[in-house]
Amino acid sequence: MTGKLYAIGTGPGAADLITVRAANLLATMDIVYAPAARKGGDSLALSIVRPYIGQQTLIKERHFPMTHNAAEKEQAWQAVVEEIKTDLADNKKIAFISLGDVMLYSTWVSVLERLPDGLDIEVVPGITSFALIAAKTQRPLAMETQSLVVMSCTVGKEALAQALKQHSSLVLMKAASCLADVKELIEQQGLLDCAVLVSDASLETEKQYRNLRDIPVDEKLPYFTTVLVNKEW
Ligand SMILES: C[S@@+](CC[C@H](N)C(=O)[O-])C[C@H]1O[C@@H](n2cnc3c(N)ncnc32)[C@H](O)[C@@H]1O
């Protein structure tokens, strides 16, 4: 195979939070693959980078189902992997874009682990959602001897409780679906004053809660919701 594949992190939302390298590369691609969580739905990653994509570029939005059905996911990943292999054999310059940084909770990693060895691949990092949220809330991620854990709230209540006890600074991702548990555990451990929540950071729909007590009980927060806890801040 003679083409080249770039995995490009788009940053967390705003179009001016992508790297210069990502923008320059996107202008030169033959093909851009963009993951969409919903069938026929818009890819957020694509909406972020659209201004940077060259006129000659073919955009391939591909649906990656967010489901617990492993067979359905495998089928979607394999189909894209086969398509990418065909495009590379055709000597194309391809980008696979993904939100934030591509090596963190990203569809790209599911594609990467299914690609054969020996391909020409370059990974272009992106600004993570939590780097942006730390910046927006002026809350340090970790300092001095602090430990920092980055985890998904979907690990379950027990594991979350343990992590909150063990670490002095935490990034809790995918927080929307488990918000009640997250709030309860943070409150139980007396950490309400050390936590912030940000949804849709840098998008038009952004919401910030500097105090988790202020979140209305009936609030339905979006999938892009992250909580930072720093016990020493
Ligand atoms: C599949 S992970 C993607 C992480 C991404 N690769 C990154 O580098 O941040 C999705 C989770 O990232 C977080 N996230 C991504 N973008 C965000 C944003 N703009 N605002 C708040 N949280 C965000 C949320 O916790 C969301 O549930």
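Reader: How many residues of domain 1 are in contact with residues of domain 2?

Author: This is a predicted model, and the contacts in question join residues whose C-beta atoms lie within 7 Å. On the side of domain 1 that touches domain 2, the residues divide into 4 nonpolar, 2 polar and no charged. Domain 2 takes part with 8 residues, and domain 1 with 6.

Reader: How far apart do the C-alpha centres of domain 1 and domain 2 lie?

Author: Domain 1 covers 4-124 and domain 2 covers 129-230. The distance between their C-alpha centres is 27 Å.

Reader: Why is the chain described as being as compact as a globular protein of that length?

Author: The chain holds 7 helices and 10 strands. For 233 residues the globule rule gives 17 Å, and the chain is as compact as a globular protein of that length because its radius of gyration is close to that value, at 19 Å.

Reader: Which domains supply at least three residues each to the shell around the ligand?

Author: There are 23 residues around the ligand, and Gly 100, Thr 128, Ser 129, Met 173 and Ala 201 come nearest. Strand 8 (195-199) and strand 10 (225-230) each give at least two residues to this shell. The domains that each supply at least three are domain 1 (4-124) and domain 2 (129-230).

Reader: How many residues of the shell around the ligand are charged?

Author: The shell residues fall into three classes. Of these, 11 are nonpolar and 9 are polar, while the charged residues number 3.

Definitions and conventions:
Residues numbered from 1 in each chain as written. Predicted model: local features only at pLDDT ≥ 70, side-chain atom pairs only at ≥ 80, totals over all residues. Near = placed C-beta within 6 Å. Helix = DSSP H or I, 4+ residues; strand = E, 2+ residues; numbered from the N terminus. Nonpolar A, V, L, I, M, F, W, Y, C, P; charged D, E, K, R; others polar. Domains from an automatic or database assignment. Rg over C-alpha atoms; globule rule 2.2 N^0.38 Å. Contact = placed C-beta atoms within 7 Å.
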